[in-house]
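The sequence and coordinates come next.

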Amino acid sequence: MLNDTITAPPHLTWQEEALCAQTGGDFFFPEPGSSVREAKRICGLCPIRPACLEFALSHDERFGVWGGLSEKERLALRRTAP
């Protein structure tokens with residue numbers, strides 16, 4: 001029997017519940033030099049934010065807003081981590 005449903009791998013199910021998935025990627029991956037204020041505001045309201053930030057840090061995501069932090073903020077966080 002053919003299964004027509006596509007499900008996210010169990011370790012990525014948090015992405016389905018995140019507010020960014022309901023909002024759209026334009027806020028979270030802006031053009032260089034654009035404001036990330038709105039993306040950070042949405043992230044601040046998201047209950048999935050810690051999982052998102054952990055994913056971005058562990059997968060070395062270099063672009064966009066992840067877990068409420070810009071790429072520069074994540075880089076600074078990585079540099080100060082033990």
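Buried means under 20% relative accessible area, exposed over 50%, and partly exposed in between (1.4 Å probe, protein chains only). The model is predicted: local features need pLDDT of at least 70, side-chain atom pairs count only at pLDDT 80 or more, and totals for chains, interfaces and linings use all residues. Residues are numbered from 1 along each chain as its sequence is written, and side-chain values use heavy atoms, with hydrogens and water left out.

**Salt bridges**
- Four salt bridges are counted, each a side-chain nitrogen of Lys or Arg within 4 Å of a carboxyl oxygen of Asp or Glu.
- Asp60, Arg62 and Arg78 are linked in a network of them.
- Within it, Arg62 pairs with Asp60 at 2.7 Å, N to O; Arg62 is exposed at 52%, while Asp60 is partly exposed at 33%.
- Arg78 also bridges to Asp60, with the closest N and O atoms 3.6 Å apart.
- This pair joins helix 5 to the loop between helix 4 and helix 5, across 18 residues (helices are DSSP runs of H or I, at least four residues, numbered from the N terminus).

**Helix pair**
- The axes of helix 4 and helix 5 (residues 71-80) come within 11 Å and cross at roughly 70° (axes are lines fitted to C-alpha atoms over the stretch in contact, and angles run from 0 to 180 degrees between N-to-C directions).
- Leu53, Ala56 and Leu57 of helix 4 meet Arg74, Leu77 and Arg78 of helix 5, where contact means heavy atoms within 4.5 Å.

Methods. Helix = DSSP H or I, 4+ residues; strand = E, 2+ residues; numbered from the N terminus.
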